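Keep the 3D view open and click along as you read.

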Amino acid sequence: MQHGDHSHSFSQPGLVLPTQLVQNQIHELAKTLPPPRKQNTACDACRSRKVKCNRLPGQEKCQHCLSKNYPCTHYVQQATSEKKRNAAARRPRGISTSSRLLDVHRLAPATLNKPRNSHSPTGENGTPPWHKSTFGAPWNSKFGGYPNVSLQSSTPNLLFHLFSPPESGPSDSIFAFSPFKSRPPVYSAWGEMASNLEEETFRIEFALDLVEVYFQIVHTRLPLLNPLQFRARLNLQATGQRPILSSSKQEEPLHPALIATVIAWGAKFSEHPLLVADRQRNGGQSLLARTLIDRCREIAEATKVHRIPHKDHVVIALLIETLQCQNPHTENGFHGFWLNCSIRNLLGLQINHKSVMADIKDPETRGTMIFAWWMACLADAFSAFYYRRKPMLDDDDYDIDFYTAEPGLPENIDPGKPSPREQLEFLGYYSAAHALARISRQIARLLWRPTTDSEGIPVEAALLYSSELSKWRDAHLSKVGVPPNLAANWDFVSAVSACASDAQYHVMWIALFSAMDEYGVRDDSLSPSGMNQVETVKRKVFDEALNASLRVSALAGVLTSNGYLKLDPAVMHVSIIQAGFFLARLGRPEVQNCIEGLEQYSYAYEETKELSRMIRRDYDQALIKGPTFHEMSNTVSRRTPPADATITKSSVNGNGNGVHAPDSMSISFLCYQYHIPDSEGSSELV
């Protein structure tokens with residue numbers, strides 16, 4: 001294996017994954033954003049007249065002051081800047097007063113560019129805090145006692161600890177072994193090939209394989225890392241591989257928690273023979289992958305990723321959140337802890353300030369932090385709605401945005417960087433996602449209030465949210481959702497991205513229906529017109545939720561038939577679950593697509609297998625007892641169509657014989673097979 005041409009263990013017939021060139025382009029697209037707009041620096045005279053202040057380079061006065069012979073002063077601008085600086089010096093940047101106040105270490109903006117001494121996570125001589133003796137104590141986890149893991153640990157030494165046997169006893173001395181000393185073969189729980197992890201050469205090759213799987217699959221959806229820089233700073237060479245030529249500038253070593261997180265992600269999706277044997281031994285689930293997730297969390301906690309604001313800690317926390325179990329009802333499931341940690345770190349770095357972002361000199365750091373901010377901002381808004389919690393961020397907690405490139409610019413001739421056209425498409429997607437996230441944030445705040453739980457959702461709010469979602473659909477869905485005319489060679493990235501953004505909108509209707517069914521809709525006026533409004537909004541939301549569930553079910557069927565859901569890093573996860581439970585409670589046969597999709601999801605997220613069983617039980621019960629709802633039961637009983645009103649998966653091949661599509665079949669043909677409802681509530685074959 002040669003450097004620059006890494007192979008990996010994952011393979012699937014008909015699946016074309018991104019090459020290293022495409023991986024680098026994805027990262028460049030995520031971080032290479034046009035520079036911020038120039039701050040307003042108008043002079044006092046132009047500011048008072050509200051005219052544009054034009055000052056030519058080299059001149060002390062603007063054109064207006066020259067023509068009028070006015071003194072060109074900037075007292076207002078200076079006073080405003082001084083006020084902002086004084087405010088920043090008086091108090092640390094944190095979350096708004098409407099959210100919980102958390103005591104975090106404040107990091108000045110300049111620490112993103114150079115080391116500082118005051119309240120900075122960067123120590124002397126630019127040494128990060130995890131370099132020091134602060135973390136000199138042994139790393140003791142539930143898997144046994146291990147030697148210290150810090151940034152000073154070499155990557156081979158870190159791999160030794162990550163891949164140490166699962167049954168290490170607590171009596172083992174932390175100095176009793178080293179990466180170069182053999183240990184008893186206690187790897188039986190991980191399958192017959194796991195004993196090979198005793199060999200350092202095998203550990204390195206195995207880790208490189210998992211890193212490549214991460215960049216092939218996870219990086220396409222979460223492009224938070226620079227593939228070239230990560231591989232160079234990892235500095236691992238497999239047998240027969242040419243060593244990486246280091247540049248004159250010494251690369252900073254990778255954070256150990258970042259390495260552990262990337263490796264744990266790769267283990268989720270890798271088909272390395274070791275992991276295949278592990279899954280065969282343990283009923284289709286990998287105990288090694290589960291152990292790596294636990295250990296990467298422990299390393300992150302030991303190195304205070306959740307406490308010290310730093311750009312690496314932001315990325316690590318975001319990657320850990322979607323890595324772990326996504327079931328909020330389990331001990332190690334989704335509780336928003338790492339997502340909230342990433343937001344606190346971003347606020348501690350003052351990334352929510354446009355002026356701070358403009359001062360970051362390194363374009364790599366600036367672009368990554370902007371992308372991380374919006375990933376955290378969107379995740380906070382949507383997860384708050386899905387899981388009925390208070391959003392951590394308010395609309396006025398930030399003033400940064402995705403800056404759009406000017407249309408009509410010439411195409412970028414560099415094949416390694418995205419063109420302005422691609423940037424416009426990318427930024428258009430995030431503009432649409434942010435608009436939808438603001439709606440989600442509004443609904444989440446209403447549902448979080450105790451009065452909503454006790455009194456119900458005000459009919460005015462239900463009408464407003466219904467109207468806002470309809471407006472979003474008209475403005476954005478045709479641009480970011482599944483296109484009506486799909487290309488025959490639609491690849492993995494295009495298919496999953498379009499289906500995910502399409503489902504992101506539709507699951508909003510399902511979640512809104514579930515909230516109205518749980519809390520009810522109240523009308524304080526108690527007038528006949530008010531009662532009519534309540535019934536109108538109930539019918540509207542139910543119709544939209546039914547149409548949305550059918551569409552998500554169809555999209556899940558498309559992705560499942562191509563084997564894409566086993567590669568999805570929890571992007572379509574919530575949409576399929578909510579659509580599945582909704583259709584199951586109605587007794588709709590289209591729920592089968594959701595059940596099979598979640599079963600395929602269980603390849604990487606084992607909790608989805610149990611969720612698929614729960615959905616099937618609800619479906620079987622609905623067939624016997626009928627639809628089971630609460631506050632919306634009257635609306636559902638009046639408007640539920642016959643179960644055979646749409647084409648189901650039993651007739652997906654067009655002639656009713658139920659033949660499943662082969663894996664190599666194109667996405668466009670699969671979409672033609674499935675009955676995908678359009679966004680207006682009707683149905684069409686696409």
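What follows is a short tour, from the whole chain down to single residues.

Keep in mind that this is a predicted model. The protein chain has 24 helices and six strands. Of its 686 residues, buried ones make up 56%. If you take the contacts with a separation of 6 or more, 72% of them are between residues 24 or more positions apart.

**The nonpolar cores**

- The largest nonpolar core has 164 residues, and the members that touch the most others are Ile263 and Trp373.
- Helix α18 (residues 492-519) gives this core its largest share, namely 18 residues.
- There is also a second, separate core of six residues, and among them are Cys43, Ala45, Cys46 and Cys62.
- Which residues does tryptophan 373 contact, once you leave aside its neighbours within four places in sequence? They are Leu346, Leu347, Ile351, Asn352, Leu393, Tyr398 and Ile400.

- Have a look at helix α17 (residues 459-480) and helix α19 (residues 528-561): their axes come within 10 Å and cross at roughly 40°.
- Is the crossing of α17 and α19 left-handed or right-handed? It is left-handed.
- On the α17 side, the residues that meet α19 are Val459, Ala462, Leu463, Ser466, Ser470 and Arg473.
- On the α19 side, their partners are Gln533, Val534, Val537, Lys540 and Glu544.
- Sorted by class, this contact of α17 with α19 is made up of five nonpolar, three polar and three charged residues.

**Aromatic rings**

- A pair of aromatic rings is described by two things, the distance of the centres and the angle of the planes.
- The count of aromatic pairs here comes to 19.
- One of them joins phenylalanine 215 and phenylalanine 230, an edge-to-face pair with 5.6 Å centre to centre and 65° between the planes.
- That pair links distant parts of the chain, with phenylalanine 215 in helix α6 (residues 200-218) and phenylalanine 230 in helix α7 (residues 227-234), 15 residues apart.
- Phenylalanine 215 has a relative accessible area of 0%, so it counts as buried.
- Phenylalanine 230 is buried too, because its relative accessible area is 3% and the cut-off for buried is under 20%.
- Another pair is formed by phenylalanine 513 and phenylalanine 542; this one is tilted, with 5.8 Å centre to centre and 50° between the planes.
- Phenylalanine 513 sits in helix α18 and phenylalanine 542 in helix α19, so this pair ties together parts that are 29 residues apart in sequence.
- Phenylalanine 513 is buried at 0% relative accessibility, and phenylalanine 542 is buried at 0% as well.
- Ring pairs also link Phe382, Phe385, Tyr386 and Tyr387 into a cluster.

- Serine 342 lies in helix α12 (residues 337-348).
- Is serine 342 buried or exposed? It counts as buried, because its relative accessibility is 0%.
- Alanine 381 is found in helix α14 (residues 363-386), and it is buried with a relative accessible area of 0%.
- Leaving out residues up to four places away in sequence, alanine 381 touches Ala437, Ser440 and Arg441.
- Alanine 381 and proline 391 are 10 residues apart along the chain, and their C-alpha atoms are separated by 5.9 Å.

**Positive phi angles**

- Most residues other than glycine have a negative phi.
- Arginine 388 is not a glycine, yet its phi is positive, at about 55°.
- You will find arginine 388 in the loop between α14 and α15 (420-448).
- Arginine 388 has a relative accessible area of 26%, which means it is partly exposed, as that class lies between the 20% and 50% cut-offs.
- Alanine 570 also has a positive phi, near 60°, and is a residue other than glycine.
- Alanine 570 has its place in the loop between α19 and α20 (573-586).
- With a relative accessible area of 17%, alanine 570 is buried, because the cut-off is under 20%.

Notes:
Residues numbered from 1 in each chain as written. Predicted model: local features only at pLDDT ≥ 70, side-chain atom pairs only at ≥ 80, totals over all residues. Heavy atoms only, no water. Core = buried A, V, L, I, M, F, W, Y, C linked by side-chain atoms within 4.5 Å. Buried < 20%, exposed > 50% of the residue type's maximum accessible area, 1.4 Å probe, protein only. Helix = DSSP H or I, 4+ residues; strand = E, 2+ residues; numbered from the N terminus. Contact = heavy atoms within 4.5 Å. Axes fitted to C-alpha atoms, helices over the stretch in contact; angles between N-to-C directions. Left-handed = near helix turned anticlockwise from the far one by under 90°. Nonpolar A, V, L, I, M, F, W, Y, C, P; charged D, E, K, R; others polar. Phe/Tyr/Trp six-rings, centres within 6.5 Å; stacked < 30°, edge-to-face > 60°.
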